[in-house]
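Subject: Two-chain model, handover and findings

Hello,

Here is the structure I promised to pass on. Please load it first; my notes follow below.

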Amino acid sequence: MIWYNNGPWKRTIVYRDEIPHDFPQPHTDVIENYINYTVPVDKFSELAKFDGSVIVERTRGEVSSRCDMEAANIIALNLMHDIVTDKSSVEEARDKYCEVASAFMMNRPAPYAEKLQFTVSNDEKYDTDVVMIADEMVGQAKEKINEIVDDNMNDGPLH
Amino acid sequence: MEQEEKLKTAGIAIFKVQTIGGAEKTTKTFVNMDKVKSIINDWNTMSKKVANRTIEQDGPPNEATESE
């Protein structure tokens, strides 16, 4: 099931098939919440170490989190932002995830589980990368023309 | 793929990026709740629970298929 622009989310998907995931505790991932967010490429590895269910989409300029409840995705995305902005290391973020999730489960104050602690852009910001193939394409086109000319020469004089 | 087809595909892709961009087309209609119920009826407990909780909070989904 897909919801667009529901609450703070660009898109929310609930899946039929559960994906097993043991951080911070054993559960299955079924709900994925997406936001517009540009992650610097040099932060990708840190986010991969932080949580395998935080998914960075470079070209679309999106980040999503997939877990068993929306609140857990809010925690993960808040901590993702802390890592990207150098407010937390990966280890600190993983520790804080456990702390916040535990507080949330015990109905204690847990702001990181209640709402996103940073502003999310409504505008899509694609990372389209750079065009690199143009020069090579021109080179290949020249080769192709030469091949055609050679073939015609071998077939006899042109008229 | 034939060469002509390859060049057409590349041309269309470049033209579309330059003139239209790639913005997501979101579905603005909602799925009929009878259809939603019939789909999630076969889902396992956790997926069904989360789907129902999201429906309670945000209303019917904009899209629904057998797997998501």
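A salt bridge here is a side-chain nitrogen of Lys or Arg within 4 Å of a carboxyl oxygen of Asp or Glu. By that rule, the count between chain B and chain A is 0. Keep in mind that this is a predicted model.

**The interface**

Polar contacts are another matter. Across the interface of chain B and chain A there are 13 residue pairs in polar contact, both partners at pLDDT 80 or more. On the chain B side, α2 (33-40) and α3 (45-58) each supply at least two of the residues that touch chain A. The most comes from α3(B), with 9 residues. By class, this side of chain B has 12 nonpolar, 11 polar and 6 charged residues.

Now the extent. In contact terms, 29 residues of chain B meet 25 residues of chain A. The size of an interface is often given as the accessible area lost when the parts come together. For chain B and chain A, the buried area is about 2,200 Å². Carbon and sulfur atoms give 55% of that area.

**The cores**

The largest nonpolar core has 30 residues. Which of them touch the most other members? They are A:Ile35, A:Tyr37, A:Phe50, A:Val63, A:Met80 and A:Tyr97. Elements of chain A that give two or more residues to this core are α1 (44-50), β5 (62-67), α2, α3 (90-105) and α4 (111-114). The most comes from α2(A), with 9 residues.

Take A:Phe50. Leaving aside neighbours within four places in sequence, A:Phe50 is in contact with A:Phe23, A:Ala76, A:Leu79, A:Met80, A:Ile83, A:Val90, A:Ala93, A:Arg94 and A:Tyr97. Another core lies apart from the largest one. It has 14 residues, among them A:Trp3, A:Val14, B:Val50 and B:Ala64.

A:Asn78 is in helix α2 (residues 70-84) of chain A. Is A:Asn78 buried or exposed? Its relative accessibility is 1%. Buried means under 20%, so A:Asn78 counts as buried.

What does its side chain meet? A polar atom of the A:Asn78 side chain lies 2.6 Å from the backbone nitrogen of A:Gln117. Beyond the neighbours within four places in sequence, A:Asn78 is in contact with A:Tyr112, A:Lys115, A:Leu116, A:Gln117 and A:Phe118.

Best regards

Note on methods. Residues numbered from 1 in each chain as written. Chains lettered and ligands numbered in written order. Predicted model: local features only at pLDDT ≥ 70, side-chain atom pairs only at ≥ 80, totals over all residues. Heavy atoms only, no water. Contact = heavy atoms within 4.5 Å. Buried area = accessible area lost by both parts, 1.4 Å probe. Polar contact = N/O pair within 3.5 Å; in protein donor to acceptor, adjacent residues only side chain to side chain. Helix = DSSP H or I, 4+ residues; strand = E, 2+ residues; numbered from the N terminus. Nonpolar A, V, L, I, M, F, W, Y, C, P; charged D, E, K, R; others polar. Buried < 20%, exposed > 50% of the residue type's maximum accessible area, 1.4 Å probe, protein only. Core = buried A, V, L, I, M, F, W, Y, C linked by side-chain atoms within 4.5 Å.
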